[in-house]
Protein chains: 2
Amino acid sequence: MLGEPIRDRRSERHEGTKAEILEVAWRIAGTEGLAGLTLRDVARAVGMRAPSLYSYFASKHAIYDAMFAQGCREFLQGHDALTFTGDPLTDLKIGMRYFVSFCTDNPVRYQLLYQRTIPGFEPTPETFALSVAGLDRMRRQLAEIGITDEGSLDLLTAVGAGLTAQQISNEPGGTRWTRLVDEAVEMYFAHISERRKASDEP
Amino acid sequence: MLGEPIRDRRSERHEGTKAEILEVAWRIAGTEGLAGLTLRDVARAVGMRAPSLYSYFASKHAIYDAMFAQGCREFLQGHDALTFTGDPLTDLKIGMRYFVSFCTDNPVRYQLLYQRTIPGFEPTPETFALSVAGLDRMRRQLAEIGITDEGSLDLLTAVGAGLTAQQISNEPGGTRWTRLVDEAVEMYFAHISERRKASDEP
DNA sequence: GTCTATATTTGGATAGAC
DNA sequence: GTCTATCCAAATATAGAC
């Protein structure tokens, strides 16, 4: 029956070109800004004219969507690669370091995934599901540590978002805020530990 | 000598129209987004055609610049109106509540002043000086409380920025994060107090 | 000061030849 | 699949009449 799926060289090359287009799109968005991305620029950088891109993506938004999905997958893969210790404080640091690094390593990706700043762009439902999966992963990990109430989760995400936002907007590429991650997590951990003790005792 | 400066009705009306244009610009930016502001829309809303705006502002960037300056002045005026108590923790809460409210009350103003998101827009030097004055005001107030080292300042601004960013991007108009301000300040205050004690004792 | 008319640029998208 | 040619729309800005 020759069950081996026969490699389709044509569609393989097609996928390769799509990947190349996305690569270029990331690079241009990094220099010109996410909103400054134009099909002309992308096409020129891959050695095409703008209309040819439509053989690979149905629209400019489709390119944004593919970038969004790629960013989500990168987050999930990186998170899978983490190894946790079982110690709550340590694991909290590991998780927070990962999130802040993930964001500051690629500000454009951060902007695309976590700020909704492209006018008129909404990820497709399938892509959005990937995004939800990422948030869910984080939430589940925090639940293992014992953080489940909304207020505590929100305070933690605020701390992470704040370090990230300050680093990106005030000193992109630097470490002035990222180096505070461990200290910030200790501060947070002491706070919720204290609160638990207080509500247990009386 | 008739030293009284004679009122110039013409330039008074001119200033009035400029103010009206700015008012409309804020409103449109609020609905269409800061980058979605167009001269056509602004002109129509004040009952003019687009070219007529050039009698009041030299360019679109000049309008952004005037909005930026106005936002800075609002921050300074609001800060002047605060009354502090002399108690460090209380005053820290007052300052933080003010900053977070100032930002979340008007997300567009926040975006214009604290995120650099308009492609190609830079405030003029005079306007930028107003912005620096605002940051300086905050820094001086924190110095009175005894917070002067860079790391502590940065951690505090990260907490404020994080609560603000989360509130604006995840629940604009709500209070899910702003209501955590006092708790966050307590957490921060306990942290730096603890650290001071630790570095004093040994 | 305000208008109409227009220049200019830019960028997404489509038609149709090859 | 890629190209040229073109369309269409939006938006800033200027010229010059009134």
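**Helices and residues, one question at a time**

Me: Which residues in helix 4 of chain A meet A:G71, A:E74, A:F75, A:G78 and A:H79 in helix 3 of chain A?

Reply: Helices here are DSSP runs (H or I, at least four residues), numbered from the N terminus, and contact means heavy atoms within 4.5 Å. Those five names belong to the helix 3 side, and their partners in helix 4 of chain A are A:Y98, A:F99 and A:F102.

Me: Good start! What pLDDT do local features need in this model?

Reply: Residues are numbered from 1 along each chain as its sequence is written, chains are lettered from A and ligands numbered from 1 in the order in which they are written, and side-chain values use heavy atoms, leaving out hydrogens and water. The model is predicted: side-chain atom pairs count only at pLDDT 80 or more, totals for chains, interfaces and linings use all residues, and local features need pLDDT of at least 70.

Me: Are helix 3 and helix 4 of chain A roughly parallel or roughly antiparallel?

Reply: Their axes come within 11 Å and cross at roughly 150 degrees. Angles under 35 degrees count as roughly parallel, over 145 as roughly antiparallel, 65 to 115 as roughly perpendicular and the rest as oblique. The crossing therefore makes helix 3 of chain A, relative to helix 4 of chain A, roughly antiparallel.

Me: Back to A:R109: is this residue buried or exposed?

Reply: A:R109 sits in helix 5 (residues 107-114) of chain A. Leaving out residues up to four places away in sequence, A:R109 touches A:W26, A:G71, A:E74 and A:F102. Buried means under 20% relative accessible area, exposed over 50%, and partly exposed in between (1.4 Å probe, protein chains only). With a relative accessible area of 9%, A:R109 is therefore buried.

Me: And A:E20: buried or partly exposed?

Reply: A:E20 lies in helix 1 of chain A. Its C-alpha atom is separated by 17 Å from that of A:L34, 14 residues apart along the chain. The relative accessibility of A:E20 is 40%, so this residue counts as partly exposed.

Me: Which exposed residues are on the face of helix 2 of chain A turned away from its buried side?

Reply: Start with the buried residues of helix 2 (residues 39-46) of chain A, which are A:L39, A:V42, A:A43 and A:V46. Seen down the axis, they fall within an arc of 95 degrees, so they line one face of the helix; the arc is that of the directions from the helix axis to the C-beta atoms. They pack against helix 1 (9-32) and helix 3 (60-80) of chain A. The face turned away carries A:R40 and A:R44.

Me: Over to chain B. Which residues of helix 6 make the contact with helix 4?

Reply: Helix 4 (residues 88-105) and helix 6 (residues 125-145) of chain B pack at an angle of about 165 degrees, with their axes 10 Å apart. That is why helix 4 of chain B is roughly antiparallel to helix 6 of chain B. Helix 4 contributes B:P88, B:D91, B:L92, B:G95 and B:F99, while helix 6 contributes B:M138, B:Q141, B:L142 and B:I145.

Me: Which chain B residues does B:L155 contact, leaving aside neighbours within four places in sequence?

Reply: B:L155 is part of helix 7 (residues 150-170) of chain B, and at 2% relative accessibility B:L155 counts as buried. From chain A, the contacts are A:L180, A:E183, A:A184 and A:M187. From chain B, they are B:Y188 and B:H191.

Notes: Axes are lines fitted to C-alpha atoms, for helices over the stretch in contact, and angles run from 0 to 180 degrees between N-to-C directions. Helices (H or I, at least four residues) and strands (E, at least two) are DSSP runs, numbered from the N terminus.
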